[in-house]
Amino acid sequence: TACAKYGLECVVYMGAIDVERQKPNVFRMKLLGAKVVAVESGARTLKDAMNEAMRDWVTNVADTFYCIGTAAGPHPYPAMVRDFQCVIGNEAKAQMHEAEGRLPDSIIACIGGGSNAIGLFHPFLDDPTVEIYGVEAAGHGIDVPNGHAASLAGGRPGVLHGNRTYLLMDGDGQINEGHSISAGLDYPGIGPEHAWLKESGRVTYLSATDTEALEAFQLSCKLEGIIPALEPSHALAKVLDLAPQKPRDHLMIMNMCGRGDKDIFAVAEHLGGM
């Protein structure tokens, strides 16, 4: 709406598969005046959309701004996105102090590129009593070739989109395609700060499969009346594993970073139709 108000053109690059998977979001963007370009190259998902957006940007630098919502890409974008997203962690910390008078014992969030997670994690990094968990998309399984998007669990260091981080690559260093039931988690890399947090040991990174995420999605609907997005359903799947191992007075924050109306058609397809 801001672009239209000031006579600017807003172009959104999305992989063609993601355009189909995210129909409600695509329709909203079009209603608000954006031009949505369905990218048909490569795997037709997030990685390929970033490729095309960067090609457009560097071709038209004089009159184009490049924006991205995930904590990946060339500097300063990972740091910018982290700092904007820190509103999540700052607010969570303030509300926990108000409600409980202390810090949480653990925090957990899903990770694709890792924007929602780094926004939650960063304000707690210097609080050593707080356990931090990130959950990648294990897809069909970590051991299935091209069957997951868990670059920390199943990748190795390399360079993509202007940053050095953990990536899904073949033996020649070519980027493998990532897979996740969630359109927001199938990026074949991860934000560089998450790579550092893994190597420093400050954050424990886990992974959840498509099946686990779907089960957590349905459980949230039935028990809480909350229809979550498929992205945080991955984190919720690991909460179901971790919580029973903790004391009853353990305080855990899970970042429910998206609502599921954008995913209901994809979920219906996986669960056997409407």
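Two residues are said to be in contact when heavy atoms of each lie within 4.5 Å. The structure described here is a predicted model, in which local features need a pLDDT of at least 70 and side-chain atom pairs count only at pLDDT 80 or more, while totals for chains, interfaces and linings use all residues. Residues are numbered from 1 along each chain as its sequence is written, and side-chain values use heavy atoms, with hydrogens and water left out.

Aspartate 210 is considered to begin with. Neighbours within four places in sequence being set aside, aspartate 210 is in contact with Gly139, His140, His179, Ser180, Ile181 and His234. Aspartate 210 belongs to helix α9, which spans residues 210-224; helices (H or I, at least four residues) and strands (E, at least two) are DSSP runs, numbered from the N terminus. The residue is buried and has no salt bridge. Buried denotes under 20% relative accessible area, exposed over 50%, and partly exposed the range in between (1.4 Å probe, protein chains only). A salt bridge is a side-chain nitrogen of Lys or Arg within 4 Å of a carboxyl oxygen of Asp or Glu. The nearest side chain of opposite charge to aspartate 210 is that of arginine 21, at 7.6 Å; here Lys and Arg count as positive and Asp and Glu as negative, whereas His and the chain ends are not counted. A polar atom of the aspartate 210 side chain does, however, lie 3.0 Å from the backbone nitrogen of isoleucine 181.

Salt bridges elsewhere in the model were then examined. Side chains of opposite charge can pair when their charged atoms come close. The count comes to 18 salt bridges. In one of these, arginine 28 pairs with aspartate 261, and the closest N and O atoms are 2.8 Å apart. Because arginine 28 is in helix α3 (residues 23-31) and aspartate 261 is in the loop between β8 (252-254) and α11 (264-270), this pair ties together parts that are 233 residues apart in sequence. Arginine 28 is partly exposed, with a relative accessible area of 33%, and aspartate 261 is also partly exposed, at 25%.

A salt bridge also joins the side chains of arginine 82 and glutamate 193, with an N to O distance of 3.1 Å. Distant parts of the chain are linked by this pair, since arginine 82 is in helix α5 and glutamate 193 is in helix α8 (residues 192-200), 111 residues apart. Arginine 82 counts as buried at 17% relative accessibility, as does glutamate 193 at 18%. Glutamate 231 and lysine 262 meet in a further salt bridge, at 3.0 Å from N to O. Glutamate 231 lies in helix α10 (residues 230-242) and lysine 262 in the loop between β8 and α11, so parts that are 31 residues apart in sequence are tied together. Both glutamate 231 and lysine 262 are buried.

Aromatic side chains form another group of features. Rings of Phe, Tyr and Trp (its six-membered ring) pair if their centres lie within 6.5 Å; planes under 30 degrees apart count as stacked, over 60 as edge-to-face and the rest as tilted. The whole structure contains 3 aromatic pairs. The pair of tryptophan 57 and tyrosine 66 is stacked, because the ring centres are 4.8 Å apart and the planes stand at 15°. Tryptophan 57 is partly exposed at 21% relative accessibility, whereas tyrosine 66 is buried at 7%. Tyrosine 66 and tyrosine 77 form an edge-to-face pair, because their ring centres are 5.1 Å apart and their planes are at 85°. Tyrosine 66 is in the loop between α4 (46-59) and α5 (77-100) and tyrosine 77 is in helix α5, so this pair connects parts that are 11 residues apart in sequence. Together, Trp57, Tyr66 and Tyr77 make up one aromatic cluster.

Charges over rings were also identified, the criterion being NZ of Lys or CZ of Arg within 6 Å of the ring centre and within 35 degrees of the ring normal. Lysine 93 sits over the face of phenylalanine 124, 5.0 Å from the ring centre, and lysine 198 over that of tyrosine 166, at 5.8 Å.

Backbone geometry was considered last. Most residues other than glycine have a negative phi, and most peptide bonds are trans. Histidine 75 and proline 76 are joined by a cis peptide bond, with omega about 10°. Asparagine 146, although not a glycine, has a positive phi of about 55°.

Note on methods: Polar contact = N/O pair within 3.5 Å; in protein donor to acceptor, adjacent residues only side chain to side chain.
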